[in-house]
Amino acid sequence: MNQVIAALQWLADGANWSGPGGLLARTWEHLWYTALALVVGAVVAVPLGMYIGHTGKGRTFAVGVSGAVRALPSLGLLTLLAVSMGLGLGWAVVPSTIVLALLAVPSLLAATYSGFDQVPDDVVDGARATGFSELQIVGRVELPLALPLMVGGLRAAALQVLATATISAYLGLGGLGRFILDGLSVSDYPRMLGGAIAVGGLALAVDGLILVVQRLVVPRGVHVAVGPTDA
Amino acid sequence: MIRFEHVNKTYPDGTVAVADFSLEVPSHQVAVLLGSSGCGKTTLMRMVNRMVEPTSGDVWIDDDRVSDLDPVKLRRRIGYVMQSGGLLPHRSTIDNVATVPLLGGSTRRAAHARARELLELVGLPESVARRYPSQLSGGQRQRVGVARALAADPNILLMDEPFGAVDPVVRNELQAWLLQIQDELAKTILFVTHDVDEAFLLGQEVLVLRTGAEVAQQGTPAEILLEPADDFVHHFIGGSRRHLHTEVRDGRRLVVDADGRVAGVATDPTGPA
């Protein structure tokens with residue numbers, strides 16, 4: 001219990017918040033690594049998920065790859081990439097972003113293709129028969145209707161990446177993981193625990209923010225009360 | 001005008017959906033494809049707007065062979081109404097109706113003005129314009145579906161069991177309404193249904209189809225009723241239920257079927273009472 005109180009005291013100390021190695025700066029770094037990984041992950045997963053969801057092809061492939069990627073141990077992969085890429089510590093952000101982006105891919109991919117998949121067939125068929133081109137079906141029908149699920153996937157991915165981004169510190173990068181790693185090496189447990197609490201708090205804040213976005217992207221007409229079904 | 005010339009459709013697994021089908025629907029006429037589910041009637045209809053490609057044979061609309069036309073442009077000039085409505089759930093009624101003019105490059109203002117006209121034509125109140133499909137009744141949704149199909153002022157309307165999912169009272173209402181607007185609009189309509197009464201009510205020409213879209217009989221409703229081509233047609237259109245005679249009961253002259261069930265009241269003033 002003393003350790004927790006000490007950690008909270010450490011967090012409450014304004015001196016720990018300021019400066020280039022302070023909590024504020026580290027939080028921004030942490031958010032930056034997370035955002036970068038999410039963008040890279042989305043660039044890979046979203047178009048692929050849209051293709052799979054729209055055409056119905058490659059679903060088995062996606063499920064298999066997602067499962068395999070999920071099973072990769074992040075820290076091991078990070079070490080392997082850092083060593084084998086030989087970019088040096090100056091470029092440590094490259095292997096770290098790859099590892100974190102891989103973590104984001106399965107959630108984003110699954111959310112995108114299931115989002116497209118749950119658009120009713122008769123809605124897509126009706127749009128096609130009315131004269132929507134395939135691209136217009138994707139952009140104006142499937143995407144808006146899939147967006148709430150896709151943002152749900154982003155939420156899951158963001159949490160996972162944000163929590164795991166602590167391992168970037170292992171390669172000498174910044175982020176909130178610094179406090180945990182540095183605290184460990186000098187047996188400064190309040191600092192270590194304080195860093196962990198900060199990661200948890202940040203995760204909750206980001207989760208809440210994306211939840212709001214998720215509510216906002218639900219198209220009108222989809223969540224409104226259903227009226228009488230007979231004329 | 002819609003013309004099918006020796007059209008065939010065989011699926012890769014060998015199922016024959018359509019075998020050597022030919023038909024000409026003259027302009028401004030309503031032709032009905034009548035058959036049980038799975039007989040290939042919807043497949044035939046979807047060949048007109050290239051939602052299905054025939055394995056061989058040609059479909060023509062007016063002077064164009066549809067296979068020579070770009071499918072997307074072709075679909076924008078043909079109205080399509082489906083059983084489920086197929087409306088976009090995330091767009092308001094007016095936006096759903098304005099869809100095709102907007103896709104065709106109309107301004108939003110012009111497309112909405114056109115959509116408003118159409119909502120009036122299909123008998124929907126102004127208040128419906130801002131609502132979403134999930135807030136409409138089944139009958140209203142079908143009217144919106146028809147309005148959307150008419151938005152680009154197509155010559156041809158394809159209607160795939162458009163009133164199949166609404167209750168009988170609303171269905172009767174919609175059928176009467178369709179006849180009424182067809183008087184005004186005079187579109188070339190290909191109508192698909194499995195409902196015999198609906199087919200005879202709406203169709204100037206009715207095709208009774210067997211499995212494989214084989215034409216069992218083609219003719220006006222009167223021709224089919226008077227001279228069913230064979231047992232299949234006879235049974236399909238209701239068998240002996242269609243053989244009516246009059247009988248006097250309690251001083252009133254009734255129309256009665258072969259099994260003695262009353263089908264209606266005779267109001268003909270001449271003849272024995």
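Modeller: Gladly! Let us start with Ser74(A), which is buried, with a relative accessible area of 17%. Keep in mind that this is a predicted model.

Colleague: What makes Ser74(A) count as buried at a relative accessible area of 17%?

Modeller: Buried means under 20% relative accessible area. Ser74(A) has 17%, so the word buried applies. This serine lies in helix α4 of chain A, which covers residues 74–85.

Colleague: Which residues is Ser74(A) in contact with, leaving aside its neighbours within four places in sequence?

Modeller: They are Val99(A), Leu103(A), Thr164(A) and Ile167(A). Contact here means that heavy atoms come within 4.5 Å.

Colleague: And chain A as a whole? How many helices and strands does chain A have?

Modeller: Chain A has 9 helices and 0 strands. Its pattern along the sequence reads α-α-α-α-α-α-α-α-α. The C-alpha trace of chain A spans about 70 × 45 × 30 Å along its principal axes. Of the 231 residues in chain A, 42% are buried.

Colleague: What is Met51(B) in contact with, once its neighbours within four places in sequence are left aside?

Modeller: Met51(B) is in contact with Asp125(A), Arg128(A) and Ala129(A) from chain A, and with Arg46(B) and Arg75(B) from chain B. There is also a distance to look at: Met51(B) and Val72(B) are 21 residues apart in sequence, and their C-alpha atoms are 9.9 Å apart in space.

Colleague: How do you know that Ile94(B) is buried?

Modeller: Ile94(B) has a relative accessible area of 0%. That value is under 20%, so Ile94(B) is buried. Leaving aside neighbours within four places in sequence, Ile94(B) is in contact with His112(B), Ala115(B), Arg116(B), Ala129(B) and Arg130(B).

Colleague: Which residues other than glycine have a positive phi?

Modeller: Asp20(B) is one of them, with phi near 45 degrees. Another example is His28(B), with phi near 65 degrees. Most residues other than glycine have a negative phi. Asp20(B) has its place in strand β2 of chain B, residues 16–25, while His28(B) lies in the loop between β2 and β3 (30–34) of chain B.

Colleague: Why is Asp20(B) called partly exposed?

Modeller: Buried ends at 20% and exposed begins over 50%, with partly exposed in between. Asp20(B) has a relative accessible area of 48%, so Asp20(B) is partly exposed.

Colleague: One last pair. Why are α5(B) and α6(B) called roughly parallel?

Modeller: The axes of helix α5 (residues 138–150) and helix α6 (residues 168–185) of chain B come within 11 Å and cross at roughly 20 degrees. Angles under 35 degrees count as roughly parallel, so α5(B) is roughly parallel to α6(B). Their crossing is right-handed.

Colleague: Which residues of α5(B) and α6(B) meet?

Modeller: From α5(B), they are Gly139(B), Gln142(B), Arg143(B), Val146(B) and Leu150(B). From α6(B), they are Val170(B), Glu173(B), Leu174(B), Trp177(B), Ile181(B) and Leu185(B). By class, this contact has 7 nonpolar, 2 polar and 2 charged residues.

Key. Residues are numbered from 1 along each chain as its sequence is written. Chains are lettered from A and ligands numbered from 1 in the order in which they are written. This is a predicted model: local features need pLDDT of at least 70, side-chain atom pairs count only at pLDDT 80 or more; totals for chains, interfaces and linings use all residues. Side-chain values use heavy atoms; hydrogens and water are left out. Axes are lines fitted to C-alpha atoms, for helices over the stretch in contact, and angles run from 0 to 180 degrees between N-to-C directions. Helices (H or I, at least four residues) and strands (E, at least two) are DSSP runs, numbered from the N terminus. Angles under 35 degrees count as roughly parallel, over 145 as roughly antiparallel, 65 to 115 as roughly perpendicular and the rest as oblique. A crossing is left-handed if the near helix is turned anticlockwise from the far one by less than a right angle, and right-handed if clockwise. Ala, Val, Leu, Ile, Met, Phe, Trp, Tyr, Cys and Pro count as nonpolar, Asp, Glu, Lys and Arg as charged, and the others, Gly among them, as polar. Buried means under 20% relative accessible area, exposed over 50%, partly exposed in between (1.4 Å probe, protein chains only).
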